[in-house]
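Here is a short report on one protein chain. Look at the sequence and the fold, then read on.

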Amino acid sequence: HVALNGDAAHSQQASAESFARVQVIDDQKQFTPDLTHQIQRWGLQNSGFDYDMVAVFGSQSTGKSTLLNRLFGTDFDVMDETRRQQTTKGIWMCRGKGMNVMVMDVEGTDGRERGEDQDFERKSALFSLASSEVLIVNLWEHQVGLYQGANMGLLKTVFEVNLGLFGKKTPDGRNPRTLLLFVIRDHIGTTPLANLQATLTADMQKIWESLSKPPELQDRQLSDYFDLSFAALPHKVLAADKFEFEVQELRKRFMEKTRDDYVFKPAYHKRIPADGVAFYMEGIWEQVQTNKDLDLPTQQELLAQFRCDEISAVALSEFIEQAKPQRRPIESGKVVEGLGSMMRSWRTGALVRYDRDASRYHPGVYKRKRADLIGVLDSTLSPLFFGQLKNLHKSSLVHFKQEMHEGMRGENYNFAEIVQQAKERCETAFEDGAKEAIPVEGEEAIHWGSDEEFNLLREEMGSVADQCRKDETKKMVNIIERNFKRQISEPVDLHLSKPTPDMWDKVLVAFRDTLGKAESAYLAKAKSFNCTETENATALATLRKRAWIALRAKVDEQTADQSFLAKLRTYFEERFRYDEKGVPRVWTPSDDIDGAFSKAKDETLELVPLYSKISPVDDSLSYTLPSEPSDSLASTEDDFDFPSTLTIFSETKALDLNSRFRKDADAFYVEAKRSTVSSVAQ
Ligand code: GDP
Ligand code: MG
């Protein structure tokens, strides 16, 4: 799409992609969509503010392209003398060879009488002036002082529109500033440069004064917007060597930053980052095209909005990609190791990326868009953070339970200590984990609190510990009860097998002693459980009741029908069949069998009321259970009526036992009688 008229060297250069030309504005006055890519291909997109922009202004065929190619090593088309062929109309741009410079060359037509071309000329000049730091004003020596011949009319128009469109202060309060570098061509030398310079300065001053300025810019001076600088070049053909030498000298002013007359002074820079240049220039071209009444600050803000959004979107999408893989594990309840440091690095990465590219744009817009970006970043991180906290909470609780479990495995553990240790370890683990999970550093961290989750965890650990303690207390009471049963069994057997009037006193003394031991065993253990007073009271009440029930069970065993009747029989036999010395009696007819029989029987029957009721001789030994309204350890044993448990045999039962014993006794009597008959018979 490029019509090349240059020589072979030019074509070769053109093929070198990195310094290829781009037609910024084509002959249809369309802005190229390719400028951003071209700037990338030139390797300038990341150069930030470290680049410069230069353009050229001047009549046709005054050697402009020739000059640019010499100064910047570019390959703009140069008019071929022999063919006088026209080059392609438009605004062209090249990168300066070995320099971070974007160079623009305007290619017009010779037929300046045509209105269409005048429009293009004016617009391209305005565009060049508004977008470059240095505008080279190229003219023949003999044009100096000639208003028409030197394009001064055009310059006046351009100044006027430029002031109207772009004359307001930049956002940082500066006037937009441009260097006008006049290059006088074919300088013969008879008129010194200083004189030509004076003439041109006066002309510029006159033009400036004749401008119709916007009301608010009435008192602005030429020097508020422009610096003027001058150079002269000898005739390219007639003084070829000197021409080449002077061009090289002039080139130094574009290259050597330390020179006083270095042209790319910071004040001229438009402060548009290289990656925004294409968009910015397109905006300027649109304004030039439509003469929209927009000023540069607004333009810069629009640019900033556009670019900051773009940069933010890129940073965000990278960030989202990084965050994505961690979503599922968090949602599935996993504690992701090092999540916080990952989140911090994604977040910082996104902001660094954004800052690197966006901070060069309009500061207000940059800051606003940055805050927006932070909002989106944090709202993406927030579910991960809170998910991690929830998972930490859960796993801490699991650990807590495990630790409690392991601690209580042995026999001699201190419950309160185990709870305390497990609690401390789990709280520390949670707090460390929660701290690690905070995706930001410094002051912002206060917005990422974990107190709520932490309090929940503590509450749950508390109730787990409570439940454990209740279970443990229950277990302990059961063990003590078992021991009690074992211990009470023998004394009860012993005392109940020897019916004496103070039999119940002995049983109750044994009961008291054994229960006393059980109670102290409980209290000793309960200390390490940190049980409350009420819990102790309840547990002791349960223990007493169960102890009593155990005692009663043992008594029931001893007083079950068969064993009780056996007791009566033994008691009776001891009195009827044996004499006082324990020798078996041999009955003779003279013996008072009837008397002995009824004596032994009556004595034996006295045992029934003795066993019927637990009633000690010594009243102080009477046992009563304090009435305990609720038994939290075993709520199933309801309706326990203590007084009724004192009764062993009801009256009917006693009568029944009486009559059953009588039958047994009668059998002995008959047997005794028979034995005398048989002894007589012998
Ligand atoms: P442009 O139209 O302003 O870009 O001019 P060109 O660079 O295409 O040059 C137009 C013609 O002027 C070409 O034939 C060049 O060889 C010639 N030319 C270039 N520089 C000079 C110069 O310094 N003096 C003279 N007399 N001719 C020049
Ligand atoms: Mg040219």
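Buried residues make up 48% of the 682 residues in the protein chain. Buried means under 20% relative accessible area, exposed means over 50%, and partly exposed lies in between (1.4 Å probe, protein chains only). This is a predicted model, in which local features need pLDDT of at least 70 and side-chain atom pairs count only at pLDDT 80 or more, while totals for chains, interfaces and linings use all residues. Residues are numbered from 1 along each chain as its sequence is written, chains are lettered from A and ligands numbered from 1 in the order in which they are written, and side-chain values use heavy atoms, with hydrogens and water left out.

The chain has 21 helices and seven strands. Both are DSSP runs, numbered from the N terminus: helices are H or I with at least four residues, strands are E with at least two. Contact means heavy atoms within 4.5 Å. Take the contacts between residues at least 6 apart in sequence: 77% of them join residues at least 24 apart.

**The cores**

A nonpolar core is a set of buried Ala, Val, Leu, Ile, Met, Phe, Trp, Tyr and Cys residues joined through side-chain atoms within 4.5 Å. The largest one here has 121 residues. M93, F159, M281 and Y522 have the most contacts inside it. Helix α12 (residues 363–407) gives this core its largest share, 13 residues.

What does F159 touch, beyond residues up to four places away in sequence? The list is L129, L180, M204, I207, W208, L211, L222 and F226.

**Helix pairs**

Two packed helices are described by the angle between their axes and the distance between the axes. Axes are lines fitted to C-alpha atoms, for helices over the stretch in contact, and angles run from 0 to 180 degrees between N-to-C directions.

| Pair | Angle between axes | Axis distance |
|---|---|---|
| α5 and α6 | about 50° | 10 Å |
| α12 and α13 | about 160° | 9 Å |
| α13 and α14 | roughly 160° | within 11 Å |

Angles under 35 degrees count as roughly parallel, over 145 as roughly antiparallel, 65 to 115 as roughly perpendicular and the rest as oblique. A crossing is left-handed if the near helix is turned anticlockwise from the far one by less than a right angle, and right-handed if clockwise. For contact classes, Ala, Val, Leu, Ile, Met, Phe, Trp, Tyr, Cys and Pro count as nonpolar, Asp, Glu, Lys and Arg as charged, and the others, Gly among them, as polar.

Start with α5 (residues 152–166) and α6 (residues 193–210), which pack at about 50°. That angle makes α5 oblique to α6. Their crossing is right-handed. On α5, the contact uses M152, L155, K156, F159, E160 and L163; on α6, it uses L200, M204, I207, W208 and S210. By class, there are eight nonpolar, one polar and two charged residues.

Next come α12 and α13, which pack at about 160°. That makes α12 roughly antiparallel to α13. This crossing is right-handed. The contact includes F385, L389 and L392 of α12, and F415, I418 and V419 of α13. By class, it has 13 nonpolar, six polar and three charged residues.

Helix α13 (residues 415–436) also meets helix α14 (residues 451–497). These two helices are roughly antiparallel to each other. Their crossing is right-handed. Among the residues in contact are F415, V419 and K423 in α13, and E453, F454 and L457 in α14. This contact has nine nonpolar, one polar and seven charged residues.

**Loops and a helix residue**

Most residues other than glycine have a negative phi. K29 has a positive phi, near 60°. K29 sits in the loop between β1 (22–25) and α2 (35–41). Is K29 buried or exposed? K29 counts as buried because its relative accessibility is 12%.

S61 also has a positive phi, about 55°, and is not a glycine. S61 lies in the loop between β2 and α3. S61 is partly exposed, at 33% relative accessible area.

T62 is in the loop between β2 (52–57) and α3 (64–72). T62 counts as buried, at 1% relative accessibility. Beyond residues up to four places away in sequence, T62 touches N138, W140, Q143 and R185.

T66 is found in helix α3. T66 is buried, with a relative accessible area of 12%. Leaving aside neighbours within four places in sequence, T66 is in contact with V78 and K236. T66 and M79 are 13 residues apart in sequence and 8.7 Å apart in space, C-alpha to C-alpha.
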